[in-house]
Amino acid sequence: MKNLKAPGRRERLLALAAFPICGVFLTLAGLYLYLAPQLPDVETLKAVKFETPLQVMSQDGRLVAEFGEKHTTPLTYEQIPPLFVKAILAAEDDRFFEHEGINAKGLARAFVDILRTGSIQSGGSTITMQVAKNYFLSQERTFSRKFIEILLAKRIEDSLTKEEILTLYVNKIFLGHRAYGIGAAAQVYYGKKIAELGLPEMAMIAGLPKAPSAFNPVNNPRRALIRRDWILNRMLKLGYISPADHARALAMPVGLNFRATFAEVNGPYLAEMVRDSLVQQFGEEIYTSGWKVYTTVNSERQNAAAQAVIEGLIAYDRRHGWRGPEKADQLSGLYTVGGLEAARVTAVQEKVIEAELKNGRTLQIGWDQMKWARPYISVNRIGAEPRKAADIVQPGDIIRVRQNRASLWELAQVPAVQGQLIALDADSGALEAIVGGFDYTQSKFNRSLQGWRQAGSTMKPFVYAAALERGYLPSSLINDSPLSFGEGDTLWQPGNSDGEFLGPVTLRRALYMSRNMVSIRLLQAVGVENARNYVARFGFPAGKLPRNLTLALGTAEILPVQMAAAYAGLANGGFHVGPWFIDKVVDKSGKVLFQARPRQVCRPCEAPPAPAPEPAATEISGGGTELAVTEPPPPPMPEVPDYPGAQRHMSGRTAYQMQSILRDVVIRGTGRAALSIGRSDLSGKTGTTNEAKDAWFAGFGGKLVAVAWLGFDQPQTLGKVEYGGYAAVPIWNAFMGAALRGTPEYHPPAPAGLTALRLNLDNGQRTGDDDPRGYTEWVQTEKLGQIPEAAPAPGEGTPQVAPEELF
C-alpha cells in the first residue's frame, strides 16, 4: 500500500498544477471563441488608404504647402532602401522574416509583467503586432487588447506577405513632429528623400518608434544620439554592416536639418488663398483628402518675388536708421521672420559683436556688417555714424541677424514698413507670383488682395487712354500751368511734385514725366463721368472712383491685384483678363477633379482673314487669255480657340500707343531705374500718393505684368524722397530681372490704322532723323493731317517719315 500512495500523491499534485494551466488555456480558448467573430477584417489592409494632407503645388510641380495634421509620404516596399530595412529590424524585430507574427520570448515577458503588476509594462510586440495595433486598436495597455493584437497578428501573417506587412508598418508609425512614416521623417529631420539618407540618418529614424518624443533629435539630441548608436551596434552584431561602416557612422554627429514644413516654394500667402478657396467649396474634409492642387504660379518666379520684397523692405528700413535692439527678454518666443534670426549679444568688442542664436550656435558680426546702423531720429532724419560696436548694442541685447551672400553674419532689424508684389500673365490673367507682405508668420494680412490703398500716378495711364480714345494724339499739346478751383475754405490749388510748370507739353511727355496739371486738364476735357465709366472697364470698382478731378491724381483706393489686372489690359493689346490661380485639382489616384478654363487673349481671332485667291487665267487658242470660270472659293474660316476668348475693353490702337508711352516712362521718365534690367521691352508707371504715403510701380515686359507697392499699414509718410521710382522700382526690378531672365523680348506688331512718324518730343511737330529730340510716334492714320510740319532749315528738304521703332 505504501508503494501505491507515492504515485497517488504525485498525480494529485500534477492535477493541482494542471488545473490553473488548463484554466488559462480554457480562458484563452473562450476568449478566442468570443473575440474571433468580432475581429476586424485584415483583408482591408490590402487596400488601405493613408491619411494624406492636402498639397498645394506650383505650376512646375514643387510643393508650396501642406494642410493637415499629419506629414505623410507613403512608400512602396521597393522604395525603401535595403539598409533601412535592416536598421528597422535591428531596432524593432530582428527575427521578423523568420517568425509568424508572434515573439514567444516577448510575450512571456509581458505575461510576467501582468502577474507581477497587474498590467503590461513592456509590449513584447513584433512588427506584425504593431501593425495590428496601429491600424485596428487603441494604445491602451491591457491584457484583452494584447490578446486581440496577437490574434490579429496571426491573421495578418496569414493574409499578407512580409514585405506588405513591413510596408504598412513604415508608412504608419508616428516619428515625432507630425511625421507619420519614415518617408515623412526623412524630410522633416533631414530635408531629404528616403533614398538620399546615409546610414547614421537611417539609424536615427529607426530609433524613433520606441519613444518619438524622448529619442527625438530635435527635442533631445543627446538621447537621440545614444539611441542611434545602440542601433548601429545592433546592426554590427547582427552582421548587417561592416566594422568600417559602423565606425564611420558612429563618428558622425546628429547632422540634423530640421524642417517643420516640406515647402520648396516661399508662397504662404498663395497657399492660404488656395486653402480658403477649397474649404469654402468643399469643406474641411480637404485636409485629409490627399488632393494635389496645382496653381498657376511658377516656383522660381515666386521665390524671386518673395526675396525681392524682403530685400526691398530691408533696404528701405536701413535707409532710415537703426531703431535699437528687440524689445524682448528671451529668445525662446522669437521666431525667424523674413530670414532674420533672433540672437542674444554675448560680447561687444571694439568693432565686433559676438552673439548666440536660439539653437546655441555662436557667431560674430564684423564692422562692415553693422556700420549701417545710424540711429533713427525721424522718418526724414538719422543720427551720426557709429564709431564702435558699443554705440549700437550692449551685452544681453536681443537683435536680429542674417547671413549675406558672402556667408557673413550681418546686423539686421525687422522692417516697420510693409510691401507687396503681385505678377500676372498678361494674356490670361494667371497668377505668376504673389507676396502679400514681409513675412506671413509676422502678418497674415494679404496686402495684394486686401490692402486698399490710394493708387497715385499709376492711375494716370487710364485717364490718358480715355483721352486717346476720344481723339487726342500722343503728340497733342496740353498746357502744364497752374490751376485753382473754388475759393476760401474750398480753395484747391493742385501742383506738380517738383513745384514747377513746363507750359505746353505733349501728352506723351506729360505722362512719362507725371505732370499733374496735364492729367487734370485731360480729365476736364474727357469729363469726370466719362472717365469714371472708362476706367471702371479695367476692373476698378466704380464705387471707389471719386466723382471729381482728384481722379486724375490717383486718389481712388484700389487693390494691387486690381492694378495688376488693369495693366494686363494695357500690356495685352486692350483685353480684359481676370486674375486666377488654381489650374487643376487632382485626387490621390491622379484623377483630374477640376481643370480651369479662363478667358484668354486670342490674337489670331482678330487677325484679318487671308484674301481669297485670284481666279486663274488661261490662254485662249488664237491668242489672248480668259479667266477660268470656277465656283468661288469658300470664305476663310474664322479662328475658333479651344478656350473662352477675352473681351476687348480698349481699342488695339490706343493700347499700342499706351505701351509706347509707358515705355518712355522707363526710357526717359520717372521709371528710368528699370533700365538696369537691360531689356528694351519694359513699360510701366510710377506712383506716389500725397505726402509719399504709398510708393508704387506697375509695369510689364515679356508678357508678364507686375505691381510693386511699399507703405505703412497705418498710412504715414515714407519720407521726403521715397517716391515710387526710388522705393518701389527696386522691388519690381529684382523680381522682373529674375523672372524674365532667359525670356525673349516681346514687341507686338503695330495694329492696322497706325502710322509711324518722326516727331519732336518738345513740340510734337514733324522732324528729321538728325533731330536729337526726335522720336518715333505712332499716330492714327486718319489724323496724320493734324500733325504740323516743321519749317525746314535753309537748304533742307521736307523731313522724311521714319517708320522704324525707337525701341
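Here are a few friendly notes on the aromatic side chains of this predicted model.

1. Let me start with the ring pairs. The count comes to 13 aromatic pairs. One of them joins Phe 462 and Phe 540 in an edge-to-face arrangement, with 5.4 Å from centre to centre and 75 degrees between the planes. Phe 462 belongs to helix H14 (residues 460-469), while Phe 540 sits in the loop between helix H17 (528-536) and strand E18 (557-558), so this pair ties together parts that are 78 residues apart in sequence. Both Phe 462 and Phe 540 are buried.

2. Tyr 534 and Phe 538 also form an edge-to-face pair, at 5.5 Å centre to centre and 65 degrees between the planes. Tyr 534 has a relative accessible area of 5%, so it counts as buried. Phe 538 is buried too, at 1% relative accessibility.

3. Two lysines are worth a look in your viewer. The charged end of Lys 584 sits over the ring of Tyr 294, 5.2 Å from the ring centre. Lys 703 lies over the face of Tyr 746, with 4.8 Å to the centre of that ring.

4. Tyr 726 is part of helix H21 (residues 724-739). Its relative accessible area is 41%, and because this falls between the 20% and 50% cut-offs, Tyr 726 is classed as partly exposed.

Technical notes
Residues are numbered from 1 along each chain as its sequence is written. This is a predicted model: local features need pLDDT of at least 70, side-chain atom pairs count only at pLDDT 80 or more; totals for chains, interfaces and linings use all residues. Side-chain values use heavy atoms; hydrogens and water are left out. Helices (H or I, at least four residues) and strands (E, at least two) are DSSP runs, numbered from the N terminus. Buried means under 20% relative accessible area, exposed over 50%, partly exposed in between (1.4 Å probe, protein chains only). Rings of Phe, Tyr and Trp (its six-membered ring) pair if their centres lie within 6.5 Å; planes under 30 degrees apart count as stacked, over 60 as edge-to-face and the rest as tilted. A charge sits over a ring if NZ of Lys or CZ of Arg is within 6 Å of the ring centre and within 35 degrees of the ring normal.
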